[in-house]
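Please have a look at the model below before reading on.

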Amino acid sequence: MAINLEGHLAPYAARSTLSRGRHFAEPAPGTRSEFQRDRDRIIHSTAFRRLEYKTQVFVNHEGDLFRTRLTHSIEVAQIARSLARNLQLNEDLVEAISLAHDLGHTPFGHAGQDALNACMKDYGGFEHNLQSLRVVDTLEQRYGAFDGLNLMFETREGVLKHCSLPNAQQLGAIGQRFIDRKQPSLEAQIANLADEIAYNNHDIDDGLRSGLLTTDQLDSVDLYARHRREVEALFPNINGRRAINETVRRMINALVVDLIQTSQANIAAASLGSIDDVRNAPPLIAFSAAMKLEAQALKRFLRENLYQHYLVNRMTSKAKRIVTDLFTIFMSGPQLLPPDYQVSSGSVMEQARKVADYIAGMTDRYAMREYRRLFAVDEI
Ligand code: MG
């Protein structure tokens with residue numbers, strides 16, 4: 001008999017007892033909620049450990065203090081749990097979704113994903129959200145009775161944040177909401193926005209740390225400038241890292257508080273009775289209109305000044321070449337792949353998917369090493 005760890009939740013929260021369950025039936029956990037069990041399975045997975053050596057903007061070897069996908073995922077989980085607790089939603093579920101949300105990312109962040117998607121154009125494409133689901137549904141090999149982690153429906157629903165319509169049509173129950181244009185749980189909506197809060201703020205921090213951004217440039221961003229002035233008024237002699245950290249933590253707090261207040265009002269206005277009402281309602285976890293504009297301005301600033309900085313472009317260009325060349329050489333010579341990734345059926349579609357799985361699973365440094373092993377004549 002499972003213990004009740006979810007008695008404090010709002011009626012519209014996701015609950016183990018009302019869940020759509022696991023694909024393969026398993027006995028209820030005795031000491032944890034079902035969603036705690038999901039979180040624990042994610043933490044113990046191989047793909048989770050790989051996050052330590054994968055990056056979003058900077059490449060792993062560029063500096064020890066930059067965010068990796070692992071520290072990013074932990075920051076997302078922290079923000080998401082705060083939001084969930086305030087809204088009486090399921091903290092265990094938001095934590096599980098947050099920790100799993102980037103498991104399907106290729107090496108080298110968006111550059112790697114774009115390159116792999118282009119390579120897979122004739123073989124069904126490559127979407128990182130779908131790949132995250134593929135990791136937890138099939139690629140992890142830890143259990144005797146099934147492939148994957150056999151997670152709860154609501155965890156899987158949260159991991160599959162976006163999905164193209166053709167892919168949604170192949171996925172059955174988990175893809176249905178994209179066809180019906182329905183929402184996922186409030187917990188999934190929280191994890192999604194916690195992701196945004198985390199990366200916008202840590203990219204400022206990492207951008208400044210790397211020297212690619214300056215605090216003068218950031219003064220053109222209202223959300224930053226407003227909090228920077230507040231910090232300088234409180235601490236007239238503050239400067240350097242300490243001033244940046246005080247500013248960024250206030251920005252995160254402002255976004256979190258706004259999101260809680262706006263979402264609370266949205267939830268109250270929607271008069272929800274259950275998670276099914278959540279699925280039929282419009283998105284309810286949201287920023288106020290004013291904060292949304294500020295967050296968009298911050299995103300625009302990062303896109304123009306950091307993600308398209310010429311030094312980032314150089315790495316992006318290199319990353320695309322590495323991923324594309326690896327894909328090409330493996331497709332023309334599958335015998336170069338480790339045996340587990342060679343298909344015996346002779347199907348090009350199946351082989352391409354295996355190559356994509358292999359490349360997507362690589363860490364930044366593994367991909368670079370593999371590239372050297374295959375293309376540098378003096379490397380073994
Ligand atoms: Mg993320």
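This is a predicted model: local features need pLDDT of at least 70, side-chain atom pairs count only at pLDDT 80 or more; totals for chains, interfaces and linings use all residues.

Residues are numbered from 1 along each chain as its sequence is written, and side-chain values use heavy atoms, with hydrogens and water left out.

Let us begin with helix 17, residues 348-360. Helices here are DSSP runs of H or I with at least four residues, numbered from the N terminus. The expected span of a helix is 1.5 Å times one less than its number of residues. For the 13 residues of helix 17 this gives 18 Å, and the end C-alpha atoms are 18 Å apart, so the two values agree.

Which residues of helix 17 are buried? They are Q351, A352, V355, A356, D357, Y358, I359 and A360. Buried means under 20% relative accessible area, exposed over 50%, and partly exposed in between, with a 1.4 Å probe and protein chains only. An α-helix has 3.6 residues a turn, so residues three or four places apart point the same way. The buried residues of helix 17 pack against helix 5 (109-119), helix 6 (128-139), helix 16 (310-332) and helix 18 (364-375), where contact means heavy atoms within 4.5 Å.

## The second largest pocket

Helix 17 also takes part in a pocket, as it gives the most to the lining of the second largest pocket, with six residues. On a 1 Å grid over the protein atoms alone, a pocket is an open set of points with protein on both sides within 12 Å along at least five of seven lines, a cavity is a set where a 1.4 Å probe fits but cannot get out, and lining residues have an atom within 4 Å of a point. Grid points are joined across faces, edges and corners, and a volume is the space filled by probe spheres set on the points.

The volume of the second largest pocket is about 660 Å³. Among the 27 residues that line this pocket, R50, L139, E140, Y341 and D357 are the closest to its centre. Helix 2 (46-50), helix 6 and helix 17 each supply at least two lining residues. By class, the lining has nine nonpolar, eight polar and 10 charged residues. Ala, Val, Leu, Ile, Met, Phe, Trp, Tyr, Cys and Pro count as nonpolar, Asp, Glu, Lys and Arg as charged, and the others, Gly among them, as polar.

## Cavities

The structure holds three cavities of 30 Å³ or more. The largest cavity has a volume of about 50 Å³, and its lining is formed by Q56, V57, F58, R67, T68, R69, H72, H202, D203 and D206.

## Single residues

The table gives the relative accessible area of a few residues.

| Residue | Relative accessible area | Class |
|---|---|---|
| N201 | 1% | buried |
| N129 | 7% | buried |
| N150 | 6% | buried |
| D325 | 24% | partly exposed |
| Q88 | 43% | partly exposed |

N201, in helix 10, touches V248, M251, I252 and L255, not counting residues up to four places away in sequence. With the same exclusion, N129 touches V159, L160, K161 and H162, and D325 touches Y371 and F375.

Q88 has a positive phi of about 55° although it is not a glycine. N150 has a positive phi of about 50°, and it is not a glycine either.
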